[in-house]
Amino acid sequence: MKNFCIFAPKYSTNSMKKMMVMAVVAMAVFSCSTPKQAEPQKAQAQLLIERLDTLRQKGIMYGHQDDPFYGLTWAYQQDSSDVKNVCGDYPAVMGFELGGIEMGDVKSLDSVPFTKITEEAIKHYNRGGIITISWHPRNPVTTIDGGGLAGQKFPEGTAWDVTDSAVVKKVLPGGEYHEKFQTWMQRLSDFLATLKTSEGEKIPFMFRPWHENSGSWFWWGEKLCTVEEYKALWNMVQDKLQADGFDNIVWAYSPGCQDHLTAERLLDRYPGDDRVDMIGLDGYQWNPGEKDAFIARTKQNLEVLCQVAQAHGKIPALTECGMKNMTEPTWWTSTLLPAVEAFPISYLLTWRNYKDEWFGPSPAKPDAPCFVEFYESEKTLFLKDICK
Ligand code: BMA
């Protein structure tokens, strides 16, 4: 993948001088006799990488999953957003989930119509926002063919079904489910192709497949496949999408936050510098009593993440976070901000606001005033901040 750090090559002084003379002559010849050549157009992914890198020098972008579709008290209202309804601005980053697309379903596993996802992704891009896409495909070995299961929550057949411990191996070339998985990848590819503006311009987005692979709750998790199988799964999807012409994807590798994270541990399944653009971590506070532990763990993990990302020329991010069913009215500024503010991460994203589980702000909740303070902090960037 593309490194955003550019290193100057080393030349001897003599050859340097010669090159400079040649360059001056060439510039004189070209500027007199030929019309100025336009620079070759950069791929959309590269432009987004550069934008992310510039923006992280200004602050940390705030992101929210499924933001424009539903909130705690509303669903599918034109231009609504719990975040905007609390602080007056949209999140800089919006996260969208594609689980179910592999089945040919009409709605995602979170019951969002895929046509709405296309529509809102384009809308957010057009207003200057940034998009990140996750994908929790069903378990290709245990799932029932035919689809139509959107919105149903049960482990059997879902991404969380870990009853068969060799699913990854079975979808790789030579495996008995490889052909089925090729159909699934094609459906993913067909959906991603809808992400373009009315002028036909492909919109750039971050894609974060096979995340939280350091745990073992998804069929691609640590105990469910070897390092080689995991990397082969990553490569298979990436190669397919690259062969289909997607040069608008910023590839994000994001394992989970862990106690005492080390660089070795963070990188043990890393697909490689040529295959990753961003390195992220997912990390939540699940219980109210874990405030101090959450802050300490997040800081320790981000420290390692930022060092590793810097060494590999990649962009770091806290790709998922939040406090489930927020019970702490000051959480945004007493817990989240102190945990992240010292780190040059690109963004943090809180997960969705759904009736059984919410992670973002809502006007209906007591943390709303504190979220406004979080919004007003110099450190955080929302849509208007990144469009200036
Ligand atoms: C999980 C939960 C699920 C959801 C899934 C995919 O963390 O929010 O309810 O289906 O993410 O978005």
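**Entry 1**

I looked up W210 first. W210 has a relative accessible area of 0%, so I log it as buried. I note that this is a predicted model.

Next I checked W220. W220 also comes out as buried, at 0% relative accessibility.

I then turned to ring pairs. I find 34 aromatic pairs in the structure. Where do W210 and W220 lie? Both W210 and W220 are in the loop between β4 (205-207) and α7 (227-243), so their pair ties together parts 10 residues apart in sequence.

W220 has another partner on my list. F218 and W220 are stacked, with 4.6 Å from centre to centre and 20 degrees between the planes. F218 is buried, like W220.

**Entry 2: strand β1**

I moved to β1, residues 60-65. Is β1 largely enclosed or exposed? Six of its six residues are buried, so the rest of the structure largely encloses β1. I checked each face of β1. I60, Y62 and H64 are buried on one side, and M61, G63 and Q65 are buried on the other.

Which strands pair with β1? I went through β9, β8 and β2 in turn.

- β9 (residues 380-381) pairs with β1 in the parallel sense over two bridges. Here M61 stands opposite L381.
- β8 (residues 347-350) runs parallel to β1 and is joined to it by four bridges. M61 stands opposite Y347 in β8.
- β2 (residues 93-97) is parallel to β1 too, with three bridges between them. Q65 stands opposite G95 in β2.

I followed the chain from β1 to β2. The path passes through helix α3 (residues 82-87), and this β-α-β crossover is right-handed.

**Entry 3: a ring cluster that includes Y62**

I came back to Y62, one of the buried residues of β1. Ring pairs link Y62 into a cluster with F294, W331, W332, F371, F374, Y375 and F382.

**Entry 4: arginines over tyrosine rings**

Last, I looked for charges over rings. I noted R127 over the face of Y90, at 3.9 Å from the ring centre. I also noted R352 over the face of Y354, where the distance to the ring centre is 4.5 Å.

How values were computed:
Residues numbered from 1 in each chain as written. Predicted model: local features only at pLDDT ≥ 70, side-chain atom pairs only at ≥ 80, totals over all residues. Heavy atoms only, no water. Buried < 20%, exposed > 50% of the residue type's maximum accessible area, 1.4 Å probe, protein only. Pairing = 2+ DSSP bridges. Right-handed = clockwise from strand over helix to strand, strands pointing away. Phe/Tyr/Trp six-rings, centres within 6.5 Å; stacked < 30°, edge-to-face > 60°. Lys NZ or Arg CZ within 6 Å of the ring centre and 35° of its normal.
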